Amino acid sequence: MKNLLRVRTVILSDVHLGTVDSKVREVNHFLRHVRCEKLILNGDIIDGWQLRRGGRWMMADTRFIRIVLKMLEKKNTQVVYLRGNHDDILATFLPLEFEGLQIVEEHIHEGVRGRYLVLHGDVFDSITKNFVWLAHLGDWGYTLLLRLNRMYNAWRAWRGKEYWSLSKAIKARVKSAVNHVSNFEVHIAELAKQRGCVGVMCGHIHTPADKMLGGVHYLNSGDWVESLTALVEHHDGRMEIVTFEDFLREHPYPEVEAEVSTHEESLATLVEMHATEPGGHE
């Protein structure tokens, strides 16, 4: 495979394997076309909350695991997996270390331009940390919002209109949501400064970012539910947020795979719409 993105480090977060809204086929395509020395999986890769509530584990989810294991075994890629709040079952066993694989709460990444603190970020979410039942309620509401979003965009696609994210629009416009994101970023940047790091890499809030906060380089890798973004460190130390839309222009799907993916997405939307109709199975 000649057309590859070759970088020093790739950071992914919030893939949410096991959920119908995970863009796992897209992230699999991304990983197949990347070569890196280090892969950081920064939390909520597997959505244990949804799986306990009857989530859907699909072949594409298994394929993601296989791709990562292949990178670890055959591509000599170091893999660091950080616990998130949706895969919090891992907390009981941490830290774990195997050959080339670490599973940890937090990590210090020795970047070309300095040390970066890496953590999922849920410890700075007071609801997730102190009111677990409320966090689960919020997750249920977010899942419902994504379901409505799928139906709305199926209608938009039928009308020939482009995709529009309802939940991202709400997050961007509701004052409490904007303040929550802002407070999260400030607190996590302050922790990095206290640890003597030049920057911090996190996930959790599904909001990709690359900016300076109080002299700290704040980076958020986004998610693979709506944003479809990854963070990469180039060999010269430059950090970049890669959006899947831009990535796909340089590394397009094979025609057959694109047709199959489109068909499967349409079928999943139709099944979801049928399940919520009167007389459906939900």
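1. A residue is called buried when its relative accessible area is under 20%, exposed when that area is over 50%, and partly exposed in between, using a 1.4 Å probe and protein chains only. By that rule L228 is buried, because its relative accessible area is 14%. L228 sits in the loop between β10 (216–220) and β11 (229–233). Its phi is positive, near 55 degrees, although L228 is a residue other than glycine.

2. Some notes on the source. The model is predicted, so local features need pLDDT of at least 70 and side-chain atom pairs count only at pLDDT 80 or more, while totals for chains, interfaces and linings use all residues. Residues are numbered from 1 along each chain as its sequence is written, and side-chain values use heavy atoms, with hydrogens and water left out.

3. The chain contains nine helices and 12 strands. Helices (H or I, at least four residues) and strands (E, at least two) are DSSP runs, numbered from the N terminus. The chain has 282 residues, and 47% of them count as buried. Contact means heavy atoms within 4.5 Å. Among contacts between residues at least 6 apart in sequence, 68% join residues at least 24 apart.

4. How many of the nine residues of helix α1 (residues 24–32) are buried? Seven are, so the helix is largely enclosed by the rest of the structure. The buried residues of α1 are V24, E26, V27, N28, H29, F30 and L31.

5. Helix α1 packs against another helix, as follows. The axes of α1 and α3 (residues 59–74) come within 9 Å and cross at roughly 20 degrees. Here axes are lines fitted to C-alpha atoms, for helices over the stretch in contact, and angles run from 0 to 180 degrees between N-to-C directions. Angles under 35 degrees count as roughly parallel, over 145 as roughly antiparallel, 65 to 115 as roughly perpendicular, and the rest as oblique. The two helices α1 and α3 are therefore roughly parallel to each other. Their crossing is left-handed, meaning that the near helix is turned anticlockwise from the far one by less than a right angle; clockwise would be right-handed.

6. On the α1 side, V24, R25, V27, N28, L31 and R32 meet A60, D61, R63, F64, I67, V68 and M71 of α3. The residues of this contact divide into eight nonpolar, one polar and four charged. In this scheme Ala, Val, Leu, Ile, Met, Phe, Trp, Tyr, Cys and Pro count as nonpolar, Asp, Glu, Lys and Arg as charged, and the others, Gly among them, as polar.

7. Also in helix α3 is L69. L69 is partly exposed, because its relative accessible area is 46%. L69 and V79 are 10 residues apart in sequence, and their C-alpha atoms are 8.9 Å apart in space.

8. Most residues other than glycine have a negative phi. H16 is not a glycine, yet its phi is positive, about 60 degrees. H16 lies in the loop between β1 (5–12) and α1, and with a relative accessible area of 5% it is buried.

9. W224 is in the loop between β10 and β11. Is W224 buried or exposed? W224 counts as buried, at 1% relative accessibility. W224 and L17 are 207 residues apart along the chain, and their C-alpha atoms are separated by 9.4 Å.

10. A disulfide is a covalent bond between the sulfur atoms of two cysteines. It is scored here as a pair of cysteine sulfur atoms within 2.5 Å. The structure holds zero disulfides. C36 counts as buried at 7% relative accessibility, and C197 is buried with a relative accessible area of 7%.
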